[in-house]
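I opened this entry to keep track of what I looked up, step by step.

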Amino acid sequence: MDFKDYYAVLGVSESATPEEIKKAYRKLARKYHPDVSKEADADTKFKDVGEAYEVLKDPEKRAEYDQLRKYGARGDGSFEPPPGWQSGAGFGGGGYTGADSSNFSDFFEEIFGGGRRAGGFGGGGFGGSRQSMRRRGEDVHARLALFLEEAYHGCEKQVQYTVQEVGDHGRVISRPKNLKVKIPAGMRDGQHIRLKGQGSPGIGGGENGDLLIEVELAPHPQFSVDGRDLLITVPVAPWEAALGASVTVPTVGGKVSLKVPKGSSSGRKLRLKGKGLPGKEPGDQIVVLQVVMPESHSEEAEKLYKQLAEAEEHFDPRSKLDV
Amino acid sequence: MSRKETIVTVELDDPAGTFTLREICERGECHAEFVIKLVSHGVISPIEDSPNALDWTFDLPNLARLQRARRLQRDLEINLPGLAMSLDLLDEVRDMRREVDRLNRLLDQFITD
């Protein structure tokens, strides 16, 4: 078991006042709140900060912790409480953090154990009754990253998450769950999926909670996504843009032939109807043309460009720049 | 970690996946009064507005938003107007991040060395 330096977690000194501790907690809680932060380990950091505050905000727990801190960690950072250690403070729950100790570390449990009771499931209810033993399990939220191809064709994905359940002796424990989920074709970025009954188990015969998944589409090297529409930039040669051409372009569903209209400029958008993400109303694929030049020209080509410049001498591409 | 794997077929948030006021209160672990206040602040919206709150039904994104509001209120001690503004700003930040990512990728395709 590793020693937890709660002062370091909150970034305060050992002599910090309760006000300083509260201020540090509030700042870090805002920074690492999983609904606010984009950091990958925000959830863990938020739990660490909550655990540190749970101990340091309480004078009795803080005094016990300070005593243990002096007793100290071993050289390798591991920790064992002194023989016969028993907390007088214990875990009371509640307070500002609304602390659910089931998420706290083994270190916390070892020092202030006796917590993690089913009573940790707080909350009201429709009529405000919170005395009933029959209780629906919590809904669990998770995010699922999909590649565009997976969202387009549908796929089977593994989802790992944690549910809270009441174990032996009425203790609330966290249990990892692992599901294989069939994702249907045509999922959009930000779309929610509900897996009925796959959240935390109900209490006293109550219904299980659901697993609520929010889909996130991973960036694609060629396509960008706008709702159900897919955008792709397609390079064309100057003569294809000038004379018109039939070019092959990729779609997520396979290659298609696209007619580039005569006289197209860079940035012109062409719509491939129904080639976006599938659905009841499938999206479109928007092709953005980009006129590109060859890296070098032959003498013959340069001669032809000179002839072109003479033939089009009245064309001023910078006319709008007022130069 | 459990080795047992189950294949679950996903239920999409189509119109059939709706929640009554009672259901959304139970899932959000809150009183009906709190939901009514969230609706009046425009934080969440019933599918069809009705003067009688008991007639309201909510879709899955609104349930997820209510649960997010509850977590923020519980963890950060935010009052209702603050909650409404925080959620709007968080949504805006998320949308803008997505848009910036999308435009950056588009820009990368146009800019050549």
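This is a predicted model: local features need pLDDT of at least 70, side-chain atom pairs count only at pLDDT 80 or more; totals for chains, interfaces and linings use all residues.

From α3(B) I have B:R65, B:R68, B:A69, B:L72 and B:Q73, and from α4(B) I have B:L83, B:L87, B:D88, B:L90 and B:D91. Sorted by class, the contact of α3(B) with α4(B) has 5 nonpolar, 1 polar and 4 charged residues.

Next I looked up α1(B) against α3(B). Helix α1 spans residues 21-28 of chain B and helix α3 residues 60-76; their axes come within 9 Å and cross at roughly 40 degrees. I therefore put α1(B) and α3(B) down as oblique to each other. Their crossing is right-handed. On the α1(B) side I found B:I24, B:R27 and B:G28, which meet B:N62, B:L63, B:L66, B:Q67 and B:R70 of α3(B). The residues of this contact are 3 nonpolar, 3 polar and 2 charged.

Last, I turned to the interface of the two chains. I noted 44 residues of chain B in contact with 58 residues of chain A. The buried area between the chains is about 4700 Å², and carbon and sulfur atoms give 53% of it. How many salt bridges cross the interface of chain B and chain A? The rule finds 7. I also recorded the salt bridge of B:E77 with A:R26, where the closest N and O atoms are 2.8 Å apart.

Note on methods
Residues are numbered from 1 along each chain as its sequence is written. Chains are lettered from A and ligands numbered from 1 in the order in which they are written. Side-chain values use heavy atoms; hydrogens and water are left out. Axes are lines fitted to C-alpha atoms, for helices over the stretch in contact, and angles run from 0 to 180 degrees between N-to-C directions. Helices (H or I, at least four residues) and strands (E, at least two) are DSSP runs, numbered from the N terminus. Angles under 35 degrees count as roughly parallel, over 145 as roughly antiparallel, 65 to 115 as roughly perpendicular and the rest as oblique. A crossing is left-handed if the near helix is turned anticlockwise from the far one by less than a right angle, and right-handed if clockwise. Contact means heavy atoms within 4.5 Å. Ala, Val, Leu, Ile, Met, Phe, Trp, Tyr, Cys and Pro count as nonpolar, Asp, Glu, Lys and Arg as charged, and the others, Gly among them, as polar. Buried area is the accessible area (1.4 Å probe) that two parts lose on being put together, summed over both. A salt bridge is a side-chain nitrogen of Lys or Arg within 4 Å of a carboxyl oxygen of Asp or Glu.
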